[in-house]
Amino acid sequence: MNDCTSSDKVMIPVVEIDASSGFCHGVVGAIRKAEEELERTDAPLYCLGDIVHNNDEVERLERKGLSTITHDDLPRLRGARVLLRAHGEPPSTYTLARELDIEIVDATCPVVLQLQRRIKQTYDDVSSSPQIVIYGKSGHAEVNGLVGQTNGEAIVVENLSQLDRIDFTRDIALYSQTTMSLSGFAEMTREIDRRLAPGVKFRYYDTICRQVANRVNHLRDFAASHDVVLFVAGVKSSNGKVLFRECLDVNPRTYLVSGSGDFDAGWITSASSVGICGATSTPRWLMEQVRDTVMCEIKSKLL
């Protein structure tokens, strides 16, 4: 925390951290499980991919002993402990872990885990065998885990321009990555339904996490209620990019920062209120650091 205090009484603009911003339940659970495992034993603990798309939080956990690895590292870790983050993994990862006698610490988000099971159930149902379509970001860790439930056969579409990948003469079952937008999913279902050939069955399942989806309207209201908004998110956070654009849409004085070091004092000139918010991958302590930096700057200008 920044040390910036004064005994003088000064009137300062309101600086508010959005109470609803920060880690979603899945990320909180994964970090808690990692910390519990690190405290339980001194044996090395590896995380398959960044536990959260925020470098500051990843570095904090690395200082506690958590090492981040990639799938290419698994063959050299025979007998090790490997934590699976909230995004989830395809069945092939579990199979390889068993072959290498790797102890899996499974921190897959319960919402993602339920979605994986639903997609696998649809894929295994030979009585219907529809095309499985996933509304999501190709290559995203969660999507890789979902596609893995279909032996790699699911069709991933991120926008309407990619719908040509679908055969509209065959039955379709549509699912969504948990962090996609509700409006985007609704648009996708309408367009697929419009293109269907006669007699084709189309089933769609809204599998978007409401804890994430409901943040959009709240953040838009939060951004509109402040003169300046500092949106805190890691550069790797796709959720952060989406939510930042939502804030920017209603408040042109919205700035994206990865931490307090990115703050530009010129941004808050003449502001009477400053709002600080973040992505589902943004830790509360990082937003507090940004707040403290802003407070120091405000006080230094008024003293």
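I took axes as lines fitted to C-alpha atoms, for helices over the stretch in contact, with angles running from 0 to 180 degrees between N-to-C directions. Helices (H or I, at least four residues) and strands (E, at least two) are DSSP runs, numbered from the N terminus. The model is a predicted one, in which local features need pLDDT of at least 70 and side-chain atom pairs count only at pLDDT 80 or more, while totals for chains, interfaces and linings use all residues. Residues are numbered from 1 along each chain as its sequence is written, and side-chain values use heavy atoms, with hydrogens and water left out.

Entry 1, the helix pair. I looked up α1 (residues 25-40) and α2 (residues 55-64), which pack at an angle of about 15 degrees with their axes 10 Å apart. That makes α1 roughly parallel to α2; angles under 35 degrees count as roughly parallel, over 145 as roughly antiparallel, 65 to 115 as roughly perpendicular and the rest as oblique. I then listed the contacts (heavy atoms within 4.5 Å): I31, E35 and L38 of α1 meet E57, R60, L61 and K64 of α2. By class, this contact has three nonpolar, no polar and four charged residues. Here Ala, Val, Leu, Ile, Met, Phe, Trp, Tyr, Cys and Pro count as nonpolar, Asp, Glu, Lys and Arg as charged, and the others, Gly among them, as polar.

I traced four strands in the order β1-β12-β10-β11, with parallel pairing; two strands pair if DSSP finds at least two bridges between them. β1 (14-17) and β11 (254-257) stand at the edges with a single partner strand each, so one side of each has no neighbour in the sheet. Neighbouring strands here are turned by 20 degrees against each other on average, direction ignored. Four bridges pair β1 with β12 (residues 273-278), and V15 has V274 as its bridge partner in β12. Helix α8 (residues 215-224) packs on this sheet, touching β1, β10 (228-232) and β12, and its direction makes about 160 degrees with that of β12.

I found four strands in the order β7-β6-β8-β9, paired in parallel. The edge strands β7 (155-157) and β9 (202-204) each pair on one side only. Three bridges join β8 (residues 172-176) to β9, with A173 opposite R203. Helix α4 (residues 110-124) lies across β6 (131-135), β8 and β9, at about 170 degrees to β8.
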